[in-house]
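Hello,

Here is the structure I promised to pass on to you. Have a look at it first, and then read on for what turned up.

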Amino acid sequence: MIEASKIVASFQMIASRVVKFELETKEVNNGKEKVNIKNSFDYEVVSIEEHEDIYYGVVQFKTDFVAKTGRKTLFKIFIIYEGKFVGNKGVLREENFKKMLELNGVVALSQFTRSYVLSATALAGINPPVRLPMININQLKKLKEEMKPSI
């Protein structure tokens, strides 16, 4: 085993929370019709602050789901999961800290979101419960940057 002090990252999550969660169920599917689920994902770096020896950053991961059979909506889900992170200024520059928020932070929050949605939909009686697909965070970041209007 390797001692933790030798491998602990200079980027850490210090808090997380669900900012918003909406679950709207319609009718129960009889199990005979195919269910189509449409997802969309986004993230936002809410803030970055510089203090004496650390950076503080807040990032939000957002996703929504719409499940349909034919033209009938079975359920809708919308969730915003937020994390607060710190970075060691002695090791990271602010630009690198922001990149870590957008990649490592979003990856961590997507996993928390996956667990939350799975649990909430199971408790709501959705069978099978909803599982977020694995997503390519690098591709999400790239597509998000391409959508920005050039000034």
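**Salt bridges and what surrounds them**

Let me begin with Arg-93, which is exposed because its relative accessibility is 52%, and the cut-off for exposed is over 50%. Please keep in mind throughout that this is a predicted model. Arg-93 forms a salt bridge with Glu-95, and the closest N and O atoms of the two are 3.5 Å apart. Glu-95 has a relative accessible area of 46%, so this residue counts as partly exposed.

In total, the count comes to 10 salt bridges. Another of them joins Glu-22 to Lys-20, with 3.3 Å between the closest N and O atoms. Glu-22 is partly exposed, at a relative accessible area of 40%, and Lys-20 is partly exposed too, with 37% relative accessibility.

Which elements does the salt bridge between Lys-141 and Glu-102 tie together? The closest N and O atoms of this pair are 3.7 Å apart. Lys-141 belongs to helix H2 (residues 137–147) and Glu-102 to helix H1, so the bridge links parts that are 39 residues apart in sequence. Both Lys-141 and Glu-102 are buried. The pair is also part of a network: salt bridges with shared partners connect Lys-98, Glu-102, Lys-141 and Glu-145.

**The nonpolar core**

The largest nonpolar core holds 24 residues. Those with the most contacts inside it are Phe-65, Phe-75, Phe-85, Phe-97, Val-106, Val-117 and Val-130. Two or more residues each come from E3, strand E4 (72–88), H1 and H2, and E4 gives the most, with 6 residues.

Leaving out residues up to four places away in sequence, Phe-97 touches Phe-11, Ile-48, Tyr-55, Tyr-56, Gly-57, Phe-85, Val-86, Gly-87 and Leu-92. One of these partners, Phe-85, is also listed among the core residues with the most contacts.

**Two more residues to look at**

Tyr-116 sits in helix H1, which covers residues 94–123. Is Tyr-116 buried, partly exposed or exposed? Its relative accessibility is 32%, so Tyr-116 counts as partly exposed. Setting aside neighbours within four places in sequence, Tyr-116 is in contact with Val-18, Phe-21, Ile-79 and Tyr-81. Phe-21 is 95 residues away from Tyr-116 along the chain, while their C-alpha atoms are separated by 9.7 Å.

Asp-64 is found in strand E3 (residues 54–69). With a relative accessible area of 27%, Asp-64 is partly exposed. Which residues does Asp-64 touch, not counting those up to four places away in sequence? They are Lys-38, Asn-39, Ser-40, Ile-77 and Phe-78. With Ser-40, the side chain of Asp-64 makes a polar contact of 2.3 Å.

Happy viewing, and best wishes

Note on methods. Residues numbered from 1 in each chain as written. Predicted model: local features only at pLDDT ≥ 70, side-chain atom pairs only at ≥ 80, totals over all residues. Heavy atoms only, no water. Helix = DSSP H or I, 4+ residues; strand = E, 2+ residues; numbered from the N terminus. Buried < 20%, exposed > 50% of the residue type's maximum accessible area, 1.4 Å probe, protein only. Contact = heavy atoms within 4.5 Å. Salt bridge = Lys/Arg side-chain N within 4 Å of Asp/Glu carboxyl O. Polar contact = N/O pair within 3.5 Å; in protein donor to acceptor, adjacent residues only side chain to side chain. Core = buried A, V, L, I, M, F, W, Y, C linked by side-chain atoms within 4.5 Å.
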